[in-house]
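Dear colleague,

Please find below the structure that I am handing over to you. My notes on what was found in it follow directly after.

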Amino acid sequence: MTSTSGRPAETNGRPAETNELTAEANGRSADGTAATRPTSPGVPRHDTVAAVVGQWQSVHPDLDTGPMEIIGRINRCAALLQQAEDAPLRRAGLSRPEFDLLGALRRTGRELTPSELTRETFSSGAAVTKRLKHLTERGLVERRGDTRDRRVAHVRLTDAGRDLVDEILPEQLAYETTVLAGLDTPGQGELATLLGELLVQLEGRLGVLRV
């Protein structure tokens with residue numbers, strides 16, 4: 001608010017602009033009504049989470065919706081990526097969890113037990129068993145029993161499985177590069193760092209969740 005002299009008008013001895021900033025910091029506008037919490041710097045104002053946050057702010061203006069702006073966007077991005085699926089994997093008739101199993105066997109370069117695969121892929125034992133059954137039927141992996149303990153199985157890639165991973169991986173990385181093309185290289189690096197820091201904290205507090 002500006003006076004006719006061109007200087008900020010004063011209210012109660014202080015410039016009106018200062019009053020407005022103070023009021024907004026307290027969650028109220030200068031006229032006493034609820035103020036809309038500004039979106040975090042650099043965050044698009046038109047995404048779906050911003051709309052949800054705005055609606056909650058209108059219902060509960062005193063709540064700090066900052067965590068929602070982060071967790072909500074992570075969940076929304078994950079949901080959209082899952083809906084879109086992975087084009088190269090889909091063409092190969094593989095799900096992402098199945099490819100993760102094949103990838104674990106390829107990158108470690110050795111046989112793994114089902115228990116080791118659960119740790120490598122952050123999956124449950126039941127899920128790994130189901131996925132291995134499908135991959136075995138397709139001839140991409142094979143199992144052999146342990147000579148000393150019949151309860152233990154060892155899983156390895158077949159030649160077909162190894163060739164499939166080596167064929168798909170470059171294409172999959174190119175696909176993921178296209179998905180992230182809207183972010184410049186520094187932005188991708190910053191996002192990777194921040195997500196890594198969050199992941200370390202979550203794994204430390206919650207343990208590794210298996211799905």
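**Arginine 96 and its surroundings**

Leaving aside residues up to four places away in sequence, R96 touches D86, L89, Q172 and E176. Please keep in mind throughout that this is a predicted model. R96 is located in helix α5. As for D86, 10 residues separate it from R96 in sequence, and the two C-alpha atoms are 7.4 Å apart in space.

**The protein as a whole**

The protein has 211 residues, and 26% of them count as buried. Its secondary structure consists of nine helices and four strands. Read from the N terminus, the order of the elements is β-β-α-α-α-α-α-α-α-β-β-α-α. The protein exposes about 14500 Å², of which carbon and sulfur atoms supply 56%. Among contacts in the protein with a separation of 6 or more, 48% are accounted for by residues 24 or more positions apart.

**Helix α5 against helix α8**

Two packed helices are described by the angle between their axes and by the distance between those axes. Helix α5 covers residues 96-108 and helix α8 covers residues 159-179; their axes are 10 Å apart, and the packing angle is about 120 degrees. The two helices are therefore oblique to each other, because an angle from 65 to 115 degrees would be needed to count as roughly perpendicular, and one over 145 to count as roughly antiparallel. The crossing in which α5 passes α8 is left-handed.

Which residues make this contact? From α5 come R96, F99, L102 and R106, and they meet R162, V165, D166, I168, L169, Q172 and E176 of α8. By type, the residues of this contact are five nonpolar, one polar and five charged.

Another residue of helix α5 is R107. R107 has a relative accessible area of 54% and is exposed. In sequence, R107 and V165 are 58 residues apart, while the C-alpha to C-alpha distance in space is 9.9 Å.

**Helix α5 against helix α7**

Helix α5 also packs with helix α7, which covers residues 125-137; the angle is about 80 degrees and the axes are 10 Å apart. That angle makes α5 roughly perpendicular to α7. On the α5 side, the contact involves P97, E98, L101 and L102, which meet V128, R131, L132, H134 and L135 in α7. The residues of this contact divide into six nonpolar, one polar and two charged.

What does G93 touch, residues up to four places away in sequence not counted? The residues are E98, H134 and R138. G93 belongs to the loop between α4 (87-91) and α5. Its relative accessibility is 44%, so G93 counts as partly exposed.

Apart from residues up to four places away in sequence, T113 touches V152, A153 and H154.

The axes of α6 and α7 come within 9 Å and cross at roughly 105 degrees. These two helices are therefore roughly perpendicular to each other. P114, L117, T118 and T121 of α6 make the contact with G125, V128 and L132 of α7. Four of these residues are nonpolar and three are polar, with no charged residue.

The loop between α6 (114-121) and α7 holds F122. Most residues other than glycine have a negative phi. F122 has a positive value, with phi near 55 degrees. The relative accessible area of F122 is 43%, so this residue is partly exposed.

With kind regards

Technical notes
Residues are numbered from 1 along each chain as its sequence is written. This is a predicted model: local features need pLDDT of at least 70, side-chain atom pairs count only at pLDDT 80 or more; totals for chains, interfaces and linings use all residues. Side-chain values use heavy atoms; hydrogens and water are left out. Axes are lines fitted to C-alpha atoms, for helices over the stretch in contact, and angles run from 0 to 180 degrees between N-to-C directions. Angles under 35 degrees count as roughly parallel, over 145 as roughly antiparallel, 65 to 115 as roughly perpendicular and the rest as oblique. A crossing is left-handed if the near helix is turned anticlockwise from the far one by less than a right angle, and right-handed if clockwise. Contact means heavy atoms within 4.5 Å. Ala, Val, Leu, Ile, Met, Phe, Trp, Tyr, Cys and Pro count as nonpolar, Asp, Glu, Lys and Arg as charged, and the others, Gly among them, as polar. Buried means under 20% relative accessible area, exposed over 50%, partly exposed in between (1.4 Å probe, protein chains only). Accessible areas come from the Shrake-Rupley method with a 1.4 Å probe; for residues, only the protein chains shown count as cover.
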